[in-house]
Amino acid sequence: MLTAIKGYYENGRIVMNEKAPVDSKTDVIITFLTDDDKKGIKRIPGGLKGKYPSPTILMSRWTT
């Protein structure tokens with residue numbers, strides 16, 4: 001099940017606007033929605049290419 005809950009990050013804490021729909025320990029993915037244009041940071045498409053191993057390379061490590 002994938003569920004999105006809006007919230008905010010402040011003083012080192014993530015605060016959700018509603019209760020999480022789970023009762024036990026669960027993996028989460030957190031995406032920070034920053035406005036980089038206001039900070040003068042330019043994103044370059046493919047800017048991380050070659051800096052991290054591809055999923056194919058990682059999978060081959062697990063299967064050998």
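Confidence first: this is a predicted model, and pLDDT, the predictor's confidence in each residue from 0 to 100, is lowest in α1, at a mean of 55, and highest in β2, at 91. For the protein, the mean pLDDT is 77, and 66% of the residues reach 70 or more. Local features need pLDDT of at least 70 and side-chain atom pairs count only at pLDDT 80 or more, while totals for chains, interfaces and linings use all residues. Residues are numbered from 1 along each chain as its sequence is written, and side-chain values use heavy atoms, with hydrogens and water left out.

Next, the secondary structure. There are 1 helix and 2 strands, and along the sequence the pattern reads β-β-α. Helices here are DSSP runs of H or I with at least four residues, strands are runs of E with at least two, and both are numbered from the N terminus.

The strands β1, residues 7-10, and β2 pair in the antiparallel sense, over 4 bridges. Two strands count as paired if DSSP finds at least two bridges between them. Gly7 has Met16 in β2 as its bridge partner, and Glu10 stands opposite Arg13 in β2. Met16 also has its C-alpha atom 6.1 Å from that of Lys6, 10 residues apart along the chain.

What is the phi of Asn11 in the hairpin? Asn11 takes a positive phi, near 50 degrees, in a hairpin with 2 residues between the strands. That is a positive value in a residue other than glycine. Asn11 lies in the loop between β1 and β2 and counts as exposed, at 75% relative accessibility.

On burial, the cut-offs are under 20% relative accessible area for buried, over 50% for exposed, and partly exposed in between, using a 1.4 Å probe and protein chains only. Of the 64 residues in the protein, buried ones make up 2%. The protein exposes about 6900 Å², and carbon and sulfur atoms supply 57% of that. Accessible areas come from the Shrake-Rupley method with a 1.4 Å probe, and for residues only the protein chains shown count as cover.

Now the surface. Which residues form the nonpolar patch? They are Tyr9, Ile14, Met16, Val28, Ile30 and Phe32, with about 660 Å² of accessible area together. Patches take residues with over 30% relative accessible area and no salt bridge, joining like charges within 9 Å and nonpolar side chains (Val, Leu, Ile, Met, Phe, Trp, Tyr) within 5 Å. A salt bridge is a side-chain nitrogen of Lys or Arg within 4 Å of a carboxyl oxygen of Asp or Glu. Val28 sits in the loop between β2 (13-16) and α1 (55-63) and is exposed, at 65% relative accessible area. Met16, in strand β2, is partly exposed at 45%.

Last, the aromatics. A search of the whole structure finds 1 aromatic pair. Tyr9 and Phe32 form this edge-to-face pair, 5.5 Å centre to centre with 80 degrees between the planes. Because Tyr9 lies in strand β1 and Phe32 in the loop between β2 and α1, the pair ties together parts that are 23 residues apart in sequence. Rings of Phe, Tyr and Trp (its six-membered ring) pair if their centres lie within 6.5 Å; planes under 30 degrees apart are stacked, over 60 edge-to-face, and the rest tilted. Tyr9 and Phe32 are both exposed.
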